[in-house]
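Have the sequence and the structure open side by side as you read.

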Amino acid sequence: MVDVQGLVDELVSKLRRRKVEGSRATARLTAELLRSVISQSKLPATNQPATLIDAVRGVGEKLIAANPIELAVGNIVRRVLHIIREEGHSNARDAVEGFRLSVGGDNDYIVEQDHLNLSVAAQSSLCRPSLHALLERSPDSATTYFTANSEDDSEEKSKSLDPNARSLEFRRKVISAVNDLIEDINTCHLVIAELAVEHIHHNEVILTFGHSRTVKEFLCAAKEKKRSFGVFVAEGAPKYQGHLLAKELAARGLQTTVITDSAVFAMISRVNMVIVGVHAVMANGGVIGPVGLNMVAFAAQKHAIPFVVVTGTHKLCPLYPNNPEVSLNEMRSPSEVLSFEEFSDCMDYRIGTGASQLHVVNPAFDYVPPELVSLFITDIGGYCPSYMYRLIADYYSSDDVVIQQKHAS
Amino acid sequence: MWWRSASFILDQRHVEDPPNDVASSSKEPDTLSTLSPPQTYSSFMAAADPFNPIPNPKISAYYQTRAAHTAVVTSDWLAQAQAAVGHHPDDSQAPQTQLLASPSASGKSFCVINEFNNWRKQPDLAEAVAAIRALAAVIRASEATTMMELEIELKKASDSLKSWDTTSISLTAGCDLFMRYVTRTSALEYEDFNSARSRLIERAEKFGEISCKARRIIAMLSQDFIFDGCTILVHGFSRVVLEVLKTAAQNKKLFRVFCTEGRPDRTGLRLSNELAKLDVPVKLLIDSAVAYTMDEVDMVFVGADGVVESGGIINMMGTYQIALVAHSMNKPVYVAAESYKFARLYPLDQKDMAPALRPIDFGVPIPSKVEVERSARDYTPPQYLTLLFTDLGVLTPSVVSDELIQLYL
């Protein structure tokens, strides 16, 4: 456990000091850390899912607090929690099946009924609350379910599955599911790139913004399939990562044009489609992307150009944005915009009244509302923004959406 | 519109003037009141169909037939079942006063309305919740020995509750939800009727509890969206919205509220009184001043009488107007509605609902030639709403139909 604690602290400090950049790297590191936490944590014979959930949640809280703007951390924590719950439920279902196989008298029949109902109830607590789930589940179904699990263990004598074997099995299943998750994070851009040929056609002009590995793979995959098209890359001030993307695309043989962000509105009428990568996708279908993206989205809407967002599912966040321009934004150093040497006289605090007249604001992110997005291409297919809530319901449990507040109370 | 067709002229010959609608019945195609056409159809239908146990002139015939065709327990089926079982003598659509006055009415319906009134006396309880609790009491008090009998009793009780106020959508929706739950519950798999019944009672009680707590859940969910220094525009007196604002005030958030006057009910005055007690800065506006002040407003908060399948809402007259203005000025419109208000309605335009008329007092006598638009509520389409806060969570309007499908199919 000491080893794990060290790993946790290391990642926390990395996140706090913003040493880790990019949602994919963050997501992978978080998932790997949680995998270590799961494999190292001591599990009691009973109530395994609950213990694991507590352990993961404790670590997750620290990670989220270290960098609240990096939504991928929270996403992965919630995904892992959902995996644990799911494995726990399927385990219980197997247990109930096994129980039913063993011969029982009247007593067992009643207990079995309860188990069945409780597992059904608990399963519906797994999905987000819906109208019918509201009526089926009881508030303490989770705890009663887990105690039923323990009853299961103590009561059975003639069961085929050994409880110890089942507990090892459970951990192994969870870890293998987390491995799948890590694999998905690493290869999502390849899966998305396979869909490229359906969306990009001959003699098209694509506009993209900044640098996104997913977009790069997407465009290159279409190029592989012998589509000929041109790409406009908006440079994405103040980091100018668009320059990097343009170089990479040109190296792969694509015809690339670099434009400034301010030229987007002027050039958009010559473009057929806008394809961008983003930082995070919110539950209402809105996206958090690099600063300047909102402008591109507006330009696209004005000229009725499809605004397509390519994203891996690890960027899907179950939270709804309230005041995202402020609460989900980060102000970066002004030195990226203005160099200190030239402007030191304006920014000097010692002149005159002591307050500088020149302020530099350098937000890192932009919020694009869902009305401006035409399509999301994810590694599970293409969806419209109003469908995002379904994907979220598939990947996250409603109980996990609020991670911090429960512990604060 | 079908009321301009020739068949309308033919139908007009069958029109009997309803006692409360003298002014509009004389005018024909110009009239906007839809009271007469549905009445002709339903009285037509009622005359033609002696087995219709619910001849309700106020519910639009479209929805009556729709309910009959899509409900699990249809009225025809019910009539046949009743004929088979030996029905109780209280099928008639007696108005509430008559029902209470006549002791010869069947004990069960009498009980229901009484029980309903008892619950309704609590000032904070919504009508639909009172209805749900009353229906739960019906199950408890019922002497049925089979599931079918119980269903029949519940259906009758539910119908008499609905007839108490035919224009209230939340009441109808609440009853329908409850009925739907009863007829579809997996408790029916129990072999023993008594245990099934006790399970039903337990769940019905829980439903009642959840509906009571719904307001608090909604208040908690919406806290994130109210930030310090914001201006909220509120329309109509909704206890849910009041709860939201109360909780925000208790959490020491700094915000101010613009209240529309809400003629002719003057709900705005009531709301401003309540808010003044909470020390929240309130400003009263006349209904026409909404567009004038909309640029100072940060968000619009309304309640709902009902949430329809498309994700739109039915609320006090004026809500649609405010939503249109807010949408054109890019202000978010948030709706706070409990989940039992989700109704199986799909209005295609403003007139496509059961009319709810109310008398308007202009303060001066109006010549009888002048018509008055007396409808009490309007329909706001989903594209003008940003988010719905319900006890199921924060939802976008597109999620509503999903929820309803899951429950009703």
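What covers the buried residues of α13(A)? Keep in mind as you look that this is a predicted model.

## Helix α13 in chain A

Start with the helix itself, which spans residues 293–302 of chain A. Its buried residues are A:Leu293, A:Asn294, A:Val296, A:Ala297, A:Ala299 and A:Ala300. As for the cover over them, it includes several strands of chain A, namely β1 (204–209), β4 (273–277), β6 (287–290), β7 (307–310) and β8 (365–368), along with the helix α12 (264–267).

Just past the end of α13(A), have a look at A:Ala304: its phi is positive, at about 55°.

## Strand β4 in chain A

One of the elements covering that helix is β4(A), and this strand is mostly covered itself, with 5 of its 5 residues buried. A:Met273, A:Ile275 and A:Gly277 point one way, while A:Val274 and A:Val276 point the other way.

Now for the neighbours. β4(A) pairs with β1(A) in the parallel sense, over 2 bridges, and here A:Leu207 sits opposite A:Val274. β4(A) also runs parallel to β7(A), with 4 bridges joining them; on that side, A:Ile275 stands opposite A:Val308.

## Strand β4 in chain B

Over in chain B, strand β4 covers residues 299–302. B:Met299 and B:Phe301 point one way, B:Val300 and B:Val302 the other way, and all of them are buried.

Which residues stand across from B:Phe301? In β1(B), a strand of residues 230–235 that runs parallel to β4(B) and is joined to it by 4 bridges, the residue opposite B:Phe301 is B:Val234. β7(B) pairs with β4(B) in the parallel sense too, over 3 bridges, and there the bridge partner of B:Phe301 is B:Tyr334.

## A nonpolar patch on chain B

Finally, turn to the surface. B:Phe362, B:Val364, B:Ile366, B:Val370 and B:Val372 make a nonpolar patch of about 400 Å².

To find one of its members, follow the loop between β7 (333–336) and β8 (377–380) of chain B, where B:Val364 lies. Is B:Val364 buried or exposed? Its relative accessibility is 55%, so B:Val364 counts as exposed, the cut-off for that being over 50%.

Conventions
Residues numbered from 1 in each chain as written. Chains lettered and ligands numbered in written order. Predicted model: local features only at pLDDT ≥ 70, side-chain atom pairs only at ≥ 80, totals over all residues. Heavy atoms only, no water. Buried < 20%, exposed > 50% of the residue type's maximum accessible area, 1.4 Å probe, protein only. Contact = heavy atoms within 4.5 Å. Patch = residues over 30% accessible without salt bridge, like charges linked within 9 Å, V, L, I, M, F, W, Y side chains within 5 Å. Areas by Shrake-Rupley, 256 points an atom, 1.4 Å probe, with all protein chains shown as cover. Salt bridge = Lys/Arg side-chain N within 4 Å of Asp/Glu carboxyl O. Pairing = 2+ DSSP bridges.
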